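The following report is meant to be read beside the sequence and the coordinates. Please keep both in view while going through the sections on the sheet, the aromatic rings and a loop residue.

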Amino acid sequence: MSQVTISIGAQWGDEGKGKWVDVLAADADIIARYQGGNNAGHTLYVNGLKVVLHQLPSGIFQKGKIAALAAGVVVNPEELVAEMENVKDLAELSPETLWLSSRAHVITPWHIYVDGRRESQMTIPIGTTKRGIGPTYADKAARTGLRLGAYVNTRKLDQWMHDSAARDPVFAEHLKSHAAQWEAFRNSQAKLAPFVCAAEENIRAAAKAGKSLLLEGAQGALLDIDHGTYPYVTSSSTSAAAACQYIGLAPKAVTSVIGIAKAYLTRVGTGPFPTELKDEIGKQIAERGHEFGATTGRPRRCGWLDGVALKYVAELNGLDGVILNKIDILTGLKEIKMAVAYDHPTLGRLTSVPSEPDIYEACEPVYETFAGWSEDMPKTGSIKDMPKAAQKFVQAVQDYVEVPIIRVGTGPGPGEGLTGNR
Ligand code: IMP
């Protein structure tokens, strides 16, 4: 039977998914990214070289595998071509090994402009990556978007530009005032055309033939448009349930769901973050963990692991296992904390993530405190090789979230990590 694994970010993104998806990809024949666009940034090390991927799935560096961008993804054509160019010596990219869905929506210079304009007009900006993600998904929902299948066809692309200009005089003006950008945008057409195909049909046929699939989510479950901390979320569904919809697979095909979380928590952009540390410890975690955005370079807000939020994500996504990443960053801290509830000034004690941002904003975390450790973290081996205090912390996370911690990340390198509980 075909194995279908979904990997998701179990926090607000930046969990270090790139490295772990690469590990999980070893067991897959096809690695398909199912949502998001070049707002993502996955850092991994290939043959000792640091590579940051924004759109290509993290599994492309494994020989003999197929990588796909499915219907739910939004594609920036120029950036994708640049990324393909950048990795061409490290990965085998051909129409046989890279499938770009003709149904995926295209991010145009217009969408990037609208993203920036909306952000500047908001009383409290979302803090988007300004990559045009929201406006592209908005056009998709409004049924006025441009899909990859149309983008690579000159007649259809011309028609879309004409219709959009006829509908909106500001768009028409943008075409004229940003002519060079639009010209550059069109230039990637021919380069992407050979890769554009019915990716979803190909994926279903491969699954039927017994091939194993890894469905790769971008961003994180708390940025999900429905279940995340709305409105401070991204514009797609980052949850495991969405993988099937966005890839065109029946839910019954899925065999496991893996969530990747850090041993602490970060967030980029605006929005509630009860366990945020605005003190020296927060700064120390940011520096040691290199918590600066791979896409925008923005410093990430840092805080303690939020067990309540992680449990919410585990339940929402039916996680079968958690990979707890970057535990080495906590080495040397006197004590470590994990939120196990929230106290709200009027609602009292809460044990789940509230849906209203103002309520979440007013929550104070209730912490369980653990002793820290100063011994070096082993780079490989089992979690039983970790300092005792770290083992205690990992066990407590597992017990609280009620999902096995299957791996613990102890360094950025490809082999750096400990096997955990199954
Ligand atoms: P957008 O996806 O660019 O529209 O941004 C919406 C929100 O999601 C902002 O708070 C971003 O900082 C956040 N976001 C989007 N992509 C990522 C990511 O890959 N990592 C972390 N945060 C992200």
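## Basis of the description

Helices (H or I, at least four residues) and strands (E, at least two) are taken here as DSSP runs, numbered from the N terminus. This is a predicted model, in which local features need pLDDT of at least 70 and side-chain atom pairs count only at pLDDT 80 or more, whereas totals for chains, interfaces and linings use all residues. Residues are numbered from 1 along each chain as its sequence is written, and side-chain values use heavy atoms, with hydrogens and water left out.

## Aromatic pairs and their cluster

Rings of Phe, Tyr and Trp (its six-membered ring) are paired if their centres lie within 6.5 Å, with planes under 30 degrees apart counted as stacked, over 60 as edge-to-face and the rest as tilted. By this rule there are 9 aromatic pairs. One of them joins Trp110 and Phe171 in an edge-to-face arrangement, with 5.1 Å from centre to centre and 65 degrees between the planes. Because Trp110 belongs to helix α3 (residues 109–121) and Phe171 to helix α7 (residues 169–177), this pair ties together parts that are 61 residues apart in sequence. Trp110 and Phe171 are both buried, where buried means under 20% relative accessible area, exposed over 50% and partly exposed in between (1.4 Å probe, protein chains only).

Trp182 and Phe185 form another edge-to-face pair, at 5.5 Å centre to centre and with 80 degrees between the planes. Both of these residues lie in helix α8 (residues 179–186), where a spacing of 3 residues, about one turn of the helix, separates Trp182 from Phe185. Trp182 has 3% relative accessibility and therefore counts as buried, and Phe185, at 1%, counts as buried as well. Ring pairs link Trp110, Tyr113, Tyr151, Trp160, Phe171, Trp182 and Phe185 into a cluster.

Two strands are said to pair if DSSP finds at least two bridges between them. On that basis an open sheet of 10 strands, with mixed pairing, runs in the order β9-β7-β5-β2-β10-β1-β11-β14-β18-β19. Its edge strands, each pairing on one side only, are β9 (196–197) and β19 (417–419). Helix α11 (residues 240–247) packs on the sheet and touches β1, β2 (30–33), β10 (213–216) and β11, its direction making about 120 degrees with that of β1; contact means heavy atoms within 4.5 Å, and axes are lines fitted to C-alpha atoms, for helices over the stretch in contact, with angles running from 0 to 180 degrees between N-to-C directions.

Strand β1 (residues 4–9) pairs in the parallel sense with β11 (residues 256–262) over 5 bridges, and Gly9 has Ile260 of β11 as its bridge partner. β1 also pairs in the parallel sense with β10, over 4 bridges, with Leu213 in β10 as the bridge partner of Val4. β2 and β10 likewise run parallel and are joined by 4 bridges, Ile31 standing opposite Leu214 in β10.

## A buried threonine in a loop

Thr275 lies in the loop between β12 (264–267) and α12 (280–288) and, at 0% relative accessibility, counts as buried. The side chain of Thr275 reaches the backbone oxygen of Trp304 at 2.7 Å. Leaving aside neighbours within four places in sequence, the residues in contact with Thr275 include Leu265, Gly303, Trp304, Leu305, Ala339 and Tyr367.

Key:
A polar contact is a pair of N or O atoms within 3.5 Å; within protein, one must be able to donate a hydrogen and the other to accept it, and residues adjacent in sequence count only if both atoms are side-chain atoms.
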